[in-house]
Amino acid sequence: MIPSSQGTLTGWGNTAPSRATIKRPRNASEVSEVIGSAAHHVIARGLGRSYGDPAQSAGGTVIDNRGLGQRSIIDPDTGTITLGAGVSLDELLREAIPAGYFVPVTPGTRQVTLGGAIAADIHGKNHHVDGSFMDHIEALTLVTPSGTFTISPTQDSELFWATAGGMGLSGVIVEATLRLIPIETSSVLVDTERFEDIDALMDAMVTGDHHYRYSVAWVDCMAKGARLGRGVLTRGDHASADQVPLDKPRLQPPGSPKLAIPFTAPKGLLNKYSIAAFNEAWFRKAPKHKDGEVQSLSTFFHPLDGVSMWNRLHGPRGFLQYQFVVPDAASHIVPQAMALLSRRSVPSFLAVLKRFGKGNSGLLSFPTAGWTLALDIPLGAGHASAVLDELDELIAEAGGRIYLAKDSRLSPHLIPTMYPKLEQFQAVCDRVDPGQKLGSDLSRRLNLRG
Amino acid sequence: MRDAFGQPQSVMVLGGTSEIALCVVSKLAMARCKKVVLAVRNTQAGEEVAETLRALGADVSVIAMESTKPETAAGTIAAGFEAAGGHLDLIVIAAAILGEQDDLDDDPGATAELFTINTTWPAAAMAALRPRLIAQGSGHVAVFSSVAALRPRRSLYTYSASKAGLDTFTTGWAESVRDAGIKVQIIRPGFVHSKMTTGKDAPPFSTDADQAAETIVAGLASNSHVIWSPSILQWVFMMLVHVPQALWRKMPG
């Protein structure tokens, strides 16, 4: 018997809940059985870290991929490992780091599954050098309503690239082979610089990012006047064995969260005043300039993993994350977006600014060359909806797009403009799923399947 | 599907020619709501409302409802879901008549009919809605009650009682679908200047339909069980329900 239950699901932002039958298959044939027996709206879900509604399916079936947990050993010749789609990056790193390997791409949390990382084609601080997650996948196994496929960039590449960032709509990922990168230590050498305004920060990123494998800036979108967009730029690379003090452990696996938020915070705890104060304190605590600081992988890559369930801080109405990318030619949209949010009093937590390198062939993959800005916005301010709608139009017009793994509120009419390969994506999905059995609240809200 | 702001993409209005409901749906249509089903007693009036909404870019279907025949409620609900393509994010129950109390006082037929339209038909429709909403795994129902439901007045008691019945039914019904993830809200407007209230004396805190709609749309996005319009009426009525009858009788409106 495949374990089955009923549950109400939301994304990490705790918005727009819906109920579904949740099934937990343990292998490809059980996944196939679940898809076969479901009437409609089947979607896979990992650890629920997408902010909006891509891993929930109102009245449908959600496949909990955490039952797909098989793991091979790391191939010492190639550095590759084959894993079940339900294995989290945290679980993988606990094994990989002591063996001298790291994941080629990591988001700001380790609490995502391999399946989710592929479905969202996640990116990290190294996109400008290493590309996104899918660029490091050798092959994967996909279960669709019309059968099980092993796909790779050379084997049914069309289906492979529809699956990259395809939000689970081309099939259920059950297994994948990932190329890891070798590391000598579990430390990162970090250079930190503080900038008083957005222009200086963006200039520094344009001129200096290519000297670093990893680069990210945290910017303050609540500061007033000329200080709007002031930020802290941290850049670094893996430390070699001789760069780390001898008393430091060489290859230490990540720790567990030290703190948990035990319950949902009261309404309005995070408001424009408390957020502005937090941003101020955070900016002040950063050094003006510091080079060669030795930080652990967790501190540098996964600062939020120190506090579990931090999303509860946003209170009962939840929050949303707004992340867009615009091409270099439209870099002015970055300060323009910050100014618009500030002028219209939409509170946003420390925003993350990064530069992307060239995008890959993923039909719905988010990253494209240019600038990406991500902001956390607490819900409550109803007018934020109209402000973000305005921003969407600016971004679409500039040839940019919104990240589907973060979205919870975009208007469907902008999707074909933001994702020009949408029709191609739909054609591939229709090929393997002619009856449109696969679907999520996201795909229905944005009409992704057509 | 509803978005993070709680904005629906599809709505059905039972009693689709209601002036406040039209104002509410117009505001929703200007945001994300592009599929509208209007269930109306008078299809010609319904088509006029539909044109207004189509001008805002909504795809509107008009279906007939016979609110004096509760046995037809299930059929209306089925037709509404079919017109919407099988899924509805929001259902607004707005069908009601106010009646002239002087005419109703001694008229058993008219009294019974008012209860049928205002209470029995909506309750039957909600019974038909329940399994559909549970099956679709999400949904939002907003039921127009009235502040009049909280305490009857000489000039309005038949209407008050009919809304009190629906209000109480909805409160219990909400509990019955709570675990199914269905959001239910009761809307209690005060006096709204509209064609329904033409010629009636306006008490304090009266609003026009557009002002009421603004408060209601904001309320629909909130997690409140009751939406008061204007919102101050929540506090006013907390007091008014305890005012001695002798004083209540003399109050204006």
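Student: Which residues of helix α2 (residues 89-96) of chain A are buried?

Tutor: This is a predicted model. A residue is counted as buried if 20 or more other C-beta atoms lie within 10 Å of its own. In α2(A) the buried residues are A:L89, A:L92, A:L93 and A:A96. These residues cover an arc of only 95 degrees around the axis, so they sit on the same side of α2(A).

Student: What do the buried residues of α2(A) pack against?

Tutor: Their partners in chain A are β5 (80-84), β6 (101-102) and α3 (114-119).

Student: Turning to chain B, in what order do the seven strands of the open sheet come?

Tutor: Strands of a sheet pair through backbone hydrogen bonds, either parallel or antiparallel. In chain B the order is β3-β2-β1-β4-β5-β6-β9, with parallel pairing. β3 (59-64) and β9 (226-229) of chain B are at the edges with a single partner strand each, so one side of each has no neighbour in the sheet. On average, neighbouring strands of this sheet are turned by 15 degrees against each other, direction ignored.

Student: How many bridges join β6 (residues 183-189) of chain B to β9(B)?

Tutor: Four bridges join these parallel strands. B:R188 is opposite B:W228 in β9(B).

Student: Which strands do helices α6 and α7 of chain B lie across?

Tutor: Helix α6 (residues 157-177) of chain B lies across β5 (140-144) and β6 of chain B, at about 160 degrees to β6(B). Helix α7 (residues 209-220) of chain B lies across β5, β6 and β9 of chain B, at about 160 degrees to β9(B).

Definitions and conventions. Residues numbered from 1 in each chain as written. Chains lettered and ligands numbered in written order. Predicted model: local features only at pLDDT ≥ 70, side-chain atom pairs only at ≥ 80, totals over all residues. Buried ≥ 20, exposed ≤ 12 C-beta atoms within 10 Å, placed from the backbone. Helix = DSSP H or I, 4+ residues; strand = E, 2+ residues; numbered from the N terminus. Arc of directions from axis to C-beta. Contact = placed C-beta atoms within 7 Å. Pairing = 2+ DSSP bridges. Axes fitted to C-alpha atoms, helices over the stretch in contact; angles between N-to-C directions.
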